[in-house]
Amino acid sequence: REYGSAPSTIRLWNNEYHGYTPRKHRTFSPEQRAAIIAVASKDGIAHAARQFNVTSCQIQDWITKENQK
């Protein structure tokens, strides 16, 4: 951001020069999602996000998808 470079440019440079290790994509089983949603329902989304190291937006998306079913 400081130099106005696009994220795609940074990824391209990183692939070439290996400047940093990107965060690995995490997946959650339906059971794990249900457990996180249960904690969020009980203690709040922000608390569950900190406890399970996920974003509050991700938890909110899971709750929305669960309510649509």
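In what order do the elements of this protein run from the N terminus on? Hi everyone, let's start there: the order is α-α-α-α. Please keep in mind that we are looking at a predicted model. In total there are four helices and zero strands.

Let me turn to the overall dimensions. Along the principal axes, the C-alpha trace spans about 45 × 25 × 25 Å. The radius of gyration is 17 Å, whereas a compact globule of 69 residues would come out near 11 Å. As for burial, 17% of the 69 residues count as buried, and here that label stands for under 20% relative accessible area. The protein exposes about 6000 Å², with carbon and sulfur atoms supplying 53% of that area.

What about contacts along the chain? If we take the contacts with a separation of 6 or more, 32% of them are between residues 24 or more positions apart.

Now for one helix pair I'd like you to look at on the screen. Two packed helices are described by the angle between their axes and the distance between those axes. Helix H3 covers residues 45–52 and helix H4 covers residues 56–68. Their packing angle is about 115 degrees, and the axes lie 9 Å apart. The crossing of H3 and H4 is right-handed.

Which residues meet there? From H3 we have Ile-45, Ala-48 and Ala-49, and from H4 they meet Ser-56, Ile-59, Gln-60 and Ile-63. By type, the residues of this H3 and H4 contact divide into five nonpolar and two polar, with no charged ones.

Definitions and conventions. Residues are numbered from 1 along each chain as its sequence is written. This is a predicted model: local features need pLDDT of at least 70, side-chain atom pairs count only at pLDDT 80 or more; totals for chains, interfaces and linings use all residues. Side-chain values use heavy atoms; hydrogens and water are left out. Axes are lines fitted to C-alpha atoms, for helices over the stretch in contact, and angles run from 0 to 180 degrees between N-to-C directions. Helices (H or I, at least four residues) and strands (E, at least two) are DSSP runs, numbered from the N terminus. A crossing is left-handed if the near helix is turned anticlockwise from the far one by less than a right angle, and right-handed if clockwise. Contact means heavy atoms within 4.5 Å. Ala, Val, Leu, Ile, Met, Phe, Trp, Tyr, Cys and Pro count as nonpolar, Asp, Glu, Lys and Arg as charged, and the others, Gly among them, as polar. The radius of gyration is taken over C-alpha atoms; the globule rule is 2.2 Å times the number of residues to the power 0.38. Buried means under 20% relative accessible area, exposed over 50%, partly exposed in between (1.4 Å probe, protein chains only). Accessible areas come from the Shrake-Rupley method with a 1.4 Å probe; for residues, only the protein chains shown count as cover.
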